[in-house]
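Please walk through this structure with the sequence at hand.

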Amino acid sequence: MNELQKIYELWSTEQSDNSSIKNAWCEIMQYLHENCSETIREEIATFILDFGKLTEQQAFTAGFQQAFILWAQIISSEI
């Protein structure tokens, strides 16, 4: 695991979902509960959670890299 991955893992364990994310998840689960068998519901929920984690991780990594580039530009212009 690279250093940025370690930083992401530490950051993500400290974050909690906001109310819009919780509400969206509840709506998805309600829909799946009403329209899918338990096996299908669990499989779709796993796909959604895995996709969400990958998306969050990519956004975190891109933001971290941009912040580092900005920091480097600020430091180099002050020298």
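Glutamate 34 lies in helix α2; helices here are DSSP runs of H or I with at least four residues, numbered from the N terminus. Glutamate 34 counts as exposed because its relative accessible area is 56%, where exposed means over 50%, buried under 20%, and partly exposed in between (1.4 Å probe, protein chains only). Its C-alpha atom is 39 Å from that of isoleucine 7, 27 residues away along the chain.

This is a predicted model, in which local features need pLDDT of at least 70 and side-chain atom pairs count only at pLDDT 80 or more, while totals for chains, interfaces and linings use all residues. Residues are numbered from 1 along each chain as its sequence is written, and side-chain values use heavy atoms, with hydrogens and water left out.

Alanine 45 is in helix α3 and is buried, at 10% relative accessibility. Alanine 45 and tryptophan 25 are 20 residues apart in sequence, with 9.4 Å between their C-alpha atoms.

The whole structure holds two salt bridges, each defined as a side-chain nitrogen of Lys or Arg within 4 Å of a carboxyl oxygen of Asp or Glu. One joins glutamate 3 and lysine 6 at 3.3 Å, N to O. Both residues lie in helix α1, three residues apart, about one turn of the helix. Glutamate 3 is exposed at 53%, whereas lysine 6 is partly exposed at 38%. Glutamate 9 and lysine 53 also form a salt bridge, their closest N and O atoms being 3.9 Å apart. Glutamate 9 is in helix α1 and lysine 53 in helix α3, so this pair ties together parts that are 44 residues apart in sequence.

Lysine 53 also belongs to the lining of the largest pocket, where Asp17, Ile21, Gly52, Lys53 and Glu56 lie nearest the centre among 20 lining residues. Two or more lining residues come from each of α1 (3–14), α2 (19–35) and α3. Helix α3 gives the largest share, seven residues. The pocket has a volume of about 560 Å³, and its lining divides into eight nonpolar, seven polar and five charged residues.

> On a 1 Å grid over the protein atoms alone, a pocket is an open set of points with protein on both sides within 12 Å along at least five of seven lines, and lining residues have an atom within 4 Å of a point.

Isoleucine 75 is also in helix α3 (residues 38–78) and is partly exposed, at 34% relative accessibility.

Key: On a 1 Å grid over the protein atoms alone, a cavity is a set of points where a 1.4 Å probe fits but cannot get out, and a pocket is an open set with protein on both sides within 12 Å along at least five of seven lines; lining residues have an atom within 4 Å of a point. Grid points are joined across faces, edges and corners, and a volume is the space filled by probe spheres set on the points. Ala, Val, Leu, Ile, Met, Phe, Trp, Tyr, Cys and Pro count as nonpolar, Asp, Glu, Lys and Arg as charged, and the others, Gly among them, as polar.
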